[in-house]
Amino acid sequence: MKKATSILVCCVLLVSCLAPNVFALEEKPFIGQDKIEPRYEIVSTITASLNISDSGRADCTATVRVPSGYKVELLAELQQKDGGRWETIHDWEASGSIRISVSGPWYVVPGYSYRLQVTATTYDSDGNFIEAPVEYSPISDYSGLAA
């Protein structure tokens with residue numbers, strides 16, 4: 001009886017070692033968004049948009065959405081890459097609740113890369129800080145030459 005039990009235990013161990021793929025889940029390709037969106041505690045949407053025309057006009061737009069009962073301070077900073085550092089060359093600010101946006105033009109000089117950095121500092125109804133997510137626009141290189 002001991003010998004039969006030992007053989008059975010050995011067979012079970014051998015089968016479990018050789019067949020782990022039988023129990024593995026089938027890998028399925030990711031079908032969904034191309035971009036992974038971060039989730040914030042309060043902020044439901046934060047966007048940063050930068051478009052630079054051939055003449056060097058940078059049109060900047062920033063938007064943030066929060067639920068009612070929360071206050072948000074929106075800061076949009078147009079940044080220029082100088083060497084390895086991003087430096088703010090102009091900014092726009094607004095505050096309020098639910099949906100806040102700022103936009104405006106600014107003329108940039110050729111030979112640099114630019115981006116818009118947007119920070120949405122949120123507070124509850126008592127004025128307590130909640131979060132301050134940051135969003136960046138895609139980087140735009142401005143050569144000053146018409147394409």
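Predicted model: local features only at pLDDT ≥ 70, side-chain atom pairs only at ≥ 80, totals over all residues.

Me: OK, which strands form the open sheet, and in what order?

Reply: The open sheet has 3 strands, ordered S1-S2-S5, and the pairing is antiparallel. S1, residues 45-52, and S5 sit at the edges with a single partner strand each, so one side of each has no neighbour in the sheet. From one strand to the next, the twist averages 10°.

Me: How many bridges pair S2 with S5?

Reply: There are 9 bridges, in the antiparallel sense. Within that pairing, Arg57 is opposite Tyr107 in S5.

Me: What holds the strands of a sheet together, in general?

Reply: Backbone hydrogen bonds, with the strands running either parallel or antiparallel.

Me: Let's zoom in on Thr63. Where is it, and is it buried or exposed?

Reply: Thr63 is in strand S2, which covers residues 57-65. Thr63 counts as buried because its relative accessible area is 10%, and the cut-off for buried is under 20%.

Me: Which residues of the largest nonpolar core touch the most other members?

Reply: Val64 is one of them, along with Leu78, Leu116 and Val118, in a core of 23 residues. At least two residues of this core come from each of S1, S2, S3 (71-82), S5 and S6 (112-123).

Me: How accessible is Ile98?

Reply: Ile98 has a relative accessibility of 46%, so it counts as partly exposed.

Me: Switching to S6. Why is S6 described as largely enclosed?

Reply: Because 10 of its 12 residues are buried, S6 is largely enclosed by the rest of the structure.

Me: How many bridges join S3 to S6?

Reply: S3 and S6 run antiparallel and are joined by 11 bridges. As one example, Gln80 stands opposite Tyr114 in S6.

Me: What about S6 with S9 and S8: how many bridges join S6 to S9, and over how many do S6 and S8 pair?

Reply: S6 and S9 (residues 140-142) run antiparallel with 3 bridges, and there Ser113 has Asp141 in S9 as its bridge partner. S6 and S8 (residues 134-136) also pair in the antiparallel sense, over 3 bridges. Val118 has Glu135 in S8 as its bridge partner.

Me: And how many bridges join S6 to S7?

Reply: 2 bridges, antiparallel, with S7 spanning residues 129-131. Thr122 is opposite Glu131 in S7.

Me: Last one: in the hairpin of S6 and S7, which residue takes a positive phi?

Reply: Gly127, with phi near 85°, in a hairpin that has 5 residues between the strands.

How values were computed: Residues numbered from 1 in each chain as written. Heavy atoms only, no water. Helix = DSSP H or I, 4+ residues; strand = E, 2+ residues; numbered from the N terminus. Buried < 20%, exposed > 50% of the residue type's maximum accessible area, 1.4 Å probe, protein only. Pairing = 2+ DSSP bridges. Axes fitted to C-alpha atoms, helices over the stretch in contact; angles between N-to-C directions. Core = buried A, V, L, I, M, F, W, Y, C linked by side-chain atoms within 4.5 Å.
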